[in-house]
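Dear colleague,

Please find the structure below, handed over for your use. My notes on what was found in it follow directly after.

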Amino acid sequence: MSIRHPDYEHEQKRLDETRSIIKREVDTLRKEVKEFTDDYVKQVVNYKKGKELRYLEDQGLEKPYFGRVDFLKDETYELDRVYIGKRGIVRNDTFDSVVVDWRAPIAGLYYSGESKDAFFRNGREIVRGEVRLKRNFAMQDGKITGIYDGALKETIQREVGHPDEFLEEGYIDEFLAANLNQTNDSRLKDIVATIQSEQNDIIRADKDRPVVVQGVAGSGKTTIALHRLSYLIYNYQDSMMSKKFMVFAPNRLFLTYISEVLPELGVEDVQQSTFLDWAAKLVKPMLPKGWRILDPQKPLQLFFEETYSDKERQVALHRLRFKGSLAFREVLHRYLSYVAQNRISFKKLGFVYKRTQQVFTIPGEEIRQLFTELYGQLPYRRRLEALRKHLKQEINKQLFAHLREVKIDLDKQSLHKFETMIEQVLDHYFSIFPELQVWEAYRELITDPDLLGELIQSNDDTSKELIIQDVCASSKDIFANERIEPEDAAPLLYLRHLIEGLEQADHFDHSVVDEAQDLSAMEISVIGLVTNRQSLTVVGDIAQGIHAYRGLQTWEELMEGVFLQPRAVYYTLAQSYRSTIEIMKCANEVLRKIELPETIMAKPVLRHGAKPDCLSWEGKDLPVQKIVKRIKSYLQEGFQSIAIVTKTAEASKQAYKKLRGHIEDVKLLSIKDTQFPGGVVVMPSYLTKGLQFDVVFTLDTEAYTDSEWDTKLLYVVMTRPVHRLVLLHPVDQVSPLIRDIDSALCEQDSL
Ligand SMILES: Nc1ncnc2c1ncn2[C@@H]1O[C@H](COP(=O)(O)OP(=O)(O)OP(=O)(O)O)[C@@H](O)[C@H]1O
């Protein structure tokens, strides 16, 4: 575990050897990359070599690997000693592997830890054996500065003697602790050296099944979802393309925040979008000219800001929840059946072959069955195409059977004439099918209470009536201004899937859905529709669901209602890596105010820090000078990213006005921002989702009531800091959420 490790000499020698190999590689690559060529293939090879060279120069030489695993194979008793790094390194002359890429199958052993019963997949083969050693290295300037051995439990046993007690407290190995304790620059990093076993299971999960992860705040959900992309592209580049990977995240700010880690992980050209930005591109061309999608912030203002009446909120809640629900998805399906049943009269198809006066018919019932059953799974338009083809074949079959019977041989010209006649007959027949237009159909459905009432299924008639009235009347009002709302986008796309089918070109090879609890089941269903082979990674935390008016209430909704074929694999992550024990204990105390399953309480890793400060101030005006003084002292201590968080966007603007003259470079962030600047920022609570900072101030803690939404919102904010949390409130206004937090958990004082 330290420099006096018995293997130190040996490991340093191994590192020296590896570094000299890398130096030779660097020299060769430098020469090769410099060579000019106008051959396209060679240019591509050179580009790849250039990338490899940059990695070796920037990182490979400094730290070629971070771990070692010794694996004794059951079958052959061979001992593989594998050094694992961020990228694989192969000797150019002998093609020997010097360092194995962390994503390679054998590297999985390193992450699952020491075990007598281990295995990895080598293509189709499963190689079994024993992991004899898992070793981590700390390195600096080509020197080994630390060697950490063993699986967690054994290490603790050796060092302190009481493994279970420590594990319960969230003990982590020294190597991980050393990594976590570095001051954070608030950007996401790669964690390839310290991926934990339960995280590794998610990263390496089956690519062709949806993966759903409930992970507490700071458990690494975003990080591992991105590592999974890197893993997938490394192992399946024949069947997947990184430019067909999509990351859905809650806002544009968050997208730039995560985008920096992607090149580090070797996946550069991944698409990234909010659900709405992506959906809007597909939905806008479907709308009548001049129509627009309303601002997605509207509902947040409606629910978090005080200017709206309870009635307005209630109506919006009914409408928004309904539009995102699986019940509505069912209604969309039923609408198509309704059209088939009520708006198409399946008459018999008949025609006469004039030359012999033979009458051919296909009964209406048979056509109905073909349409609703045999081709029932296809989108409406494709069903029509398939049905037409089918009927044409059937007519041909009947005709040729008849011709054989009456011994008539048709010449080319007669055949052509006959073909034309069939097309005419079919054209006439198909005029009975309504030409469904997605937008028109949707509009009819969502504004006509009688139709919706007929298609909705609910046991509770009174609430059904109420919901239908709210949904239809308020949707009509929105449409009257030639607007749709963001929550219309997913059902519109779903209906398009049912009527026209979604373009294959818009499909993804893999989709990551981050902060999935804030999307509706309908939205996630749509993402499922456009993701090939259901290759999705869906991560989130129900405790952080701040879009309760539309988001998921439980993961069961997805497991039982969306991902059925194939079924999703569900994982939970309870260990939290971001904040100190002191911060997480305090945040958990707030979360306990609402009823949530125990599985979503975070267990912080064993990293201590200062207790959160809960500071009250006297007087009418915010004590700007005192707050500024605190911020400055944190900056002097070396903390680089500080978030001053207010509950609403409006409050952020006010706070920014007060602070900007006193703190250099302070920035105000709003939903419109796309760049995440770091430094000192003022921002509304809901925008902090997914982000992290060294220090977080909640400027108006008193604004959070004890409603479920406010509780979750404050919890989100309280779980953003890596090192320090400061909760501020006027002395005579205390939020019920923090009123009775034990003074053992937070430092209560006046500012
Ligand atoms: N195995 C690990 N080793 C080192 N750091 C880790 C590990 N897992 C997570 N972290 C760190 O924990 C922090 C939180 O990670 P991340 O933002 O991915 O979590 P999250 O679950 O998405 O959080 P939230 O839901 O609160 O937004 C990051 O700084 C990340 O680097």
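Ser219, in this predicted model, makes contacts beyond its neighbours within four places in sequence with Leu573, Gln575, Ser576 and Tyr577. The residue is found in the loop between S8 and H8. Since 20 or more C-beta neighbours within 10 Å make a residue buried, Ser219 counts as buried because it has 26 of them inside that distance.

Ala217 lies in the loop between S8 and H8 as well. With 27 C-beta neighbours inside 10 Å, Ala217 therefore also counts as buried. Its contacts, leaving aside neighbours within four places in sequence, are Asp541, Gln544, Ser576, Ala602 and Thr719.

Under "binding site", an unreviewed UniProt entry lists Gly215, Val216, Ala217, Gly218, Ser219, Gly220, Lys221 and Thr222.

As to the ligand, 24 residues surround it, and the closest are Ala217, Gly220, Lys221, Thr223 and Tyr577. Helix H6 (174-180) and helix H8 (221-235) are the elements that give two or more residues to this shell. By class, the shell consists of six nonpolar, 14 polar and four charged residues.

The next point concerns the sheet that contains S8. Six strands form an open sheet with parallel pairing, in the order S10-S9-S15-S16-S8-S17. Strand S10 (271-273) and strand S17 (569-573) are its edge strands, each pairing on one side only. From one strand to the next, the twist averages 15 degrees. Strands of a sheet pair through backbone hydrogen bonds, in either a parallel or an antiparallel manner. Here, strand S8 (residues 211-215) pairs with S17 in the parallel sense over five bridges. Within this pairing, Val212 has Tyr570 in S17 as its bridge partner.

Finally, a helix elsewhere in the sequence deserves mention. Helix H27 (residues 708-718) is largely enclosed by the rest of the structure, because nine of its eleven residues are buried. The buried residues are Asp710, Thr711, Lys712, Leu713, Leu714, Tyr715, Val716, Val717 and Met718.

Note on methods:
Residues numbered from 1 in each chain as written. Predicted model: local features only at pLDDT ≥ 70, side-chain atom pairs only at ≥ 80, totals over all residues. Near = placed C-beta within 6 Å. Helix = DSSP H or I, 4+ residues; strand = E, 2+ residues; numbered from the N terminus. Nonpolar A, V, L, I, M, F, W, Y, C, P; charged D, E, K, R; others polar. Buried ≥ 20, exposed ≤ 12 C-beta atoms within 10 Å, placed from the backbone. Pairing = 2+ DSSP bridges. Axes fitted to C-alpha atoms, helices over the stretch in contact; angles between N-to-C directions. UniProt positions renumbered as here; feature names shortened; annotations may be inferred. Contact = placed C-beta atoms within 7 Å.
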